[in-house]
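Good morning, and thank you for coming. Today I shall speak about the pockets and the salt bridges of one protein model.

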Amino acid sequence: MAQTTEATHEATVQPPPLKLSRTLHARPETVFKAWTTAEHLKRFFAPATLTVPHATVDPRAGGVFELCMRMPDGVEHWTRGVFVEVVPPRRLVIDMRAESDGAPLFRALTEIDVAEALGGARIDVTQTYTLFDAAKAAPMVAGAAQGWASTLDKLE
């Protein structure tokens, strides 16, 4: 019975998945390349006020996905993970873990679907979260929609 209570408690504290869609004025192949090239990720994969000084990607199932987002005050937040699924130029699934000061904050299973659309490419992003440090991670996850909107603005 304790096991059921624990599982139920964990399920109730997890935030709902985040879903965003955007049509970009670029070909699906170009959008896919931006998500799978370190130099491109450095240009867009962070909200507007943050920079990405470091990115390493190996876009294949099991390949590394790692980047550092630096805040204006110099604080760094690392995202480390692996590509779970890579289907060029249509789909990426990345299992990421956000860290601060070397401590894991949350897991974000990120699904990126790219499709042809009138005027370019439609991108659908779904992120499912698991919180490791709810006190620190909850505010970050709560601001994820705004952060992603800013990130997708930069991708455009």
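The largest pocket of this predicted model holds about 560 Å³ of space. Its lining consists of 25 residues, and those nearest the centre are Pro 47, Met 69, Phe 106, Met 140 and Ala 144. By class, 17 lining residues are nonpolar, six are polar and two are charged. Among the elements that each supply at least two residues of this lining are strand β6 (103-117) and helix α5 (144-155).

The second largest pocket holds about 160 Å³. Its lining includes Leu 24, His 40, Phe 44 and Lys 154. Helices α2 (28-36), α3 (38-44) and α5 each give two or more residues to the lining of this second pocket. That lining has six nonpolar, three polar and three charged residues.

Let us turn to charged pairs. Side chains of opposite charge can pair when their charged atoms come close. How many salt bridges does a search of the whole structure find? The search finds 14.

In one of them, Asp 153 pairs with Arg 22, with the closest N and O atoms 2.8 Å apart. This pair connects helix α5 with strand β1 (residues 18-24), across 131 residues of the chain. Asp 153 has a relative accessible area of 49% and is therefore partly exposed; Arg 22, at 22%, also counts as partly exposed.

Another salt bridge joins Glu 66 to Arg 80, again with 2.8 Å between the closest N and O atoms. Here strand β3 (residues 64-70) is linked to strand β4, and the two residues are 14 apart.

Finally, Glu 85, Arg 91, Glu 111 and Asp 113 are linked in a network of salt bridges. Thank you for your attention.

Notes
Residues are numbered from 1 along each chain as its sequence is written. This is a predicted model: local features need pLDDT of at least 70, side-chain atom pairs count only at pLDDT 80 or more; totals for chains, interfaces and linings use all residues. Side-chain values use heavy atoms; hydrogens and water are left out. On a 1 Å grid over the protein atoms alone, a cavity is a set of points where a 1.4 Å probe fits but cannot get out, and a pocket is an open set with protein on both sides within 12 Å along at least five of seven lines; lining residues have an atom within 4 Å of a point. Grid points are joined across faces, edges and corners, and a volume is the space filled by probe spheres set on the points. Helices (H or I, at least four residues) and strands (E, at least two) are DSSP runs, numbered from the N terminus. Ala, Val, Leu, Ile, Met, Phe, Trp, Tyr, Cys and Pro count as nonpolar, Asp, Glu, Lys and Arg as charged, and the others, Gly among them, as polar. A salt bridge is a side-chain nitrogen of Lys or Arg within 4 Å of a carboxyl oxygen of Asp or Glu. Buried means under 20% relative accessible area, exposed over 50%, partly exposed in between (1.4 Å probe, protein chains only).
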